[in-house]
Amino acid sequence: MANRIEKDTMGTVEVPEGAYYGAQTQRAINNFPISGLKPHRALVRATIRIKKCAAQANMTTGRLDRELGEAIVKAADEALSGALADQFVVDPFQAGAGTSHNMNVNEVLANRANEILGGKLGEYGRVNANDHVNMAQSTNDVFPTAMRLAALELAQELDGELRHLSEALSRKGMEFDHILKSGRTHLQDAVPIRLGQEFSAWGIAVENNRAGIERAFPGLRELGIGGTAVGTGLNAEEAFIDLIVEGLARETGEELTRGESLVERMQNMDPFVALSSSVKGAAVNVIKLANDLRLLSSGPRTGLAEINLPAMQPGSSIMPGKVNPVLPEVTNMVCFQVMGCDLTVSLAAQAGQLELNVMMPVIAFNTLFSMEIFKNCLHQLTTLCITGISANEERCRSYLDQSVGLATVLAPSIGYAAAAEVAKESAKTGNSIRQVILERGILTEEELEEVLSPYPLTTPGVHGKE
């Protein structure tokens, strides 16, 4: 591939002839071949939007020549449409604070703007990456602002998938509300519960997690853009700060505000700690859900088999006919990864010093990556698994009849000790609690059926006692 020679403050660099990025991006490519990954699409979009709104604000204040500014805006709009997507190439694991990412975007937009004005790639005679695209900005206020905008975008996509999961579980709760089964605590027989109550409870837990994630949004909407290098706003006019915040609000549709202290917005990563922690909390509950689905669907002959998960693919290369709970399994793996990402965010957030946290790139990567894989996994879990679950009513009824937990129903009328004797006889003889109750004459068949009525048995109240 033919190269062109570009020059920066450190000397000359060979850059691929057709690349829209420049010398500083190429240095980052050479220095950081770490993960083989590219920056997250949402982070790229957010950074481009900042550059677009900065150009518009600088034209409004009169600091940026309108012809140059309009070319930058046009280049930004093209990039937002995806036209230059392959030009944003800096590894997420890069130099501290995100300077390489910021310069990658600056260089791509500068080169395209120069091209729009009739210039050639690598010749910055009209539009300069630092002087014009980065005007009134610093990596130190651009990158955390881009992080906030990208996190808001991904968090709202995740919020939508959590809502769909919660709704799907609630619908299953209604569908299965008539099915009485044995509850289990300590993985041992417990008092009866309706299968629908289990699904409804999972739905409520997910809905509560949604609310927790949404509580992180206000902190993300408070921006530090305009703080430039250390939050003092050096080289950025007061009007520019208000204009760029207003422009970003229009561009994103978010209710964005200027931070009360731009210095504080630059120093602290607590909005990302709060968001990441809330996402982790949701993952913890979803792990519980996935594990419960695996337990309740275990079998089909030697497990609980109270519910059936949709069959997705063959489950074994050696055992014909085996089908595994693949969606709950991948869900567990994704949630474990989300929890690991949260630990990285916490460690990186506390690693900031004085006026800047240079660990922002790894915070951005883990925050966005965790939400990306989590939302995608939840979509698959909801659409391919939850919506297709069916119940084995006969198996649920059979376990209930055999469960020693039924003895608890008798306790209010015959006392704890006598009820325990019924449970022990059931365990010793193998006869069901129902059989022991009838054989001992504790209740008639009609009385027993009334006691085991699903709704009275699984709602507050004392049953079996006048």
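**Notebook: overall form, cysteines and some loop residues**

I began with the overall form, and I found that the protein has a radius of gyration of 30 Å, while a compact globule of 466 residues would have one near 23 Å. For this entry I note that the radius is taken over C-alpha atoms, and that the globule rule is 2.2 Å times the number of residues to the power 0.38. The model is a predicted one, in which local features need pLDDT of at least 70 and side-chain atom pairs count only at pLDDT 80 or more, whereas totals for chains, interfaces and linings use all residues. Residues are numbered from 1 along each chain as its sequence is written, and side-chain values use heavy atoms, with hydrogens and water left out.

I then looked up the extent of the C-alpha trace, which spans about 100 × 55 × 35 Å along the principal axes of the protein. For secondary structure I noted 19 helices and eight strands, where helices (H or I, at least four residues) and strands (E, at least two) are DSSP runs numbered from the N terminus.

Next came the surface and the contacts. Of the 466 residues in the protein, 51% are buried; buried means under 20% relative accessible area, exposed means over 50%, and partly exposed lies in between (1.4 Å probe, protein chains only). The accessible surface comes to about 20,900 Å², and 53% of that belongs to carbon and sulfur atoms; the areas come from the Shrake-Rupley method with a 1.4 Å probe, and for residues only the protein chains shown count as cover. Taking contacts (heavy atoms within 4.5 Å), I noted that among those between residues at least 6 apart in sequence, 72% join residues at least 24 apart.

**Cysteines**

How many disulfides does the structure hold? I found zero disulfides, a disulfide being a pair of cysteine sulfur atoms within 2.5 Å. For Cys377, the closest cysteine sulfur is that of Cys335, and because the two lie 6.2 Å apart, they are too far for a bond. Cys396 is in no disulfide either, and the nearest cysteine sulfur, in Cys385, is 16 Å away. I also checked burial, and Cys377 counts as buried at 7% relative accessibility, as does Cys396 at 0%.

**Loop residues**

Where does Gly18 sit? I placed Gly18 in the loop between β2 (11-16) and α1 (23-31), and with a relative accessible area of 54% Gly18 is exposed. Leaving out residues up to four places away in sequence, I found that Gly18 touches Arg4 and Leu121. I also looked up Asn3, which is 15 residues from Gly18 along the chain, and their C-alpha atoms are separated by 8.1 Å.

I then turned to backbone geometry, where Gly299 and Pro300 are joined by a cis peptide bond with omega about 10°. Pro300 lies in the loop between α11 (270-296) and β7 (307-308).

Phi of Asn235 is near 75°, a positive value in a residue other than glycine. Asn235 is in the loop between β5 (222-223) and α9 (238-252), and with a relative accessible area of 54% Asn235 is exposed.
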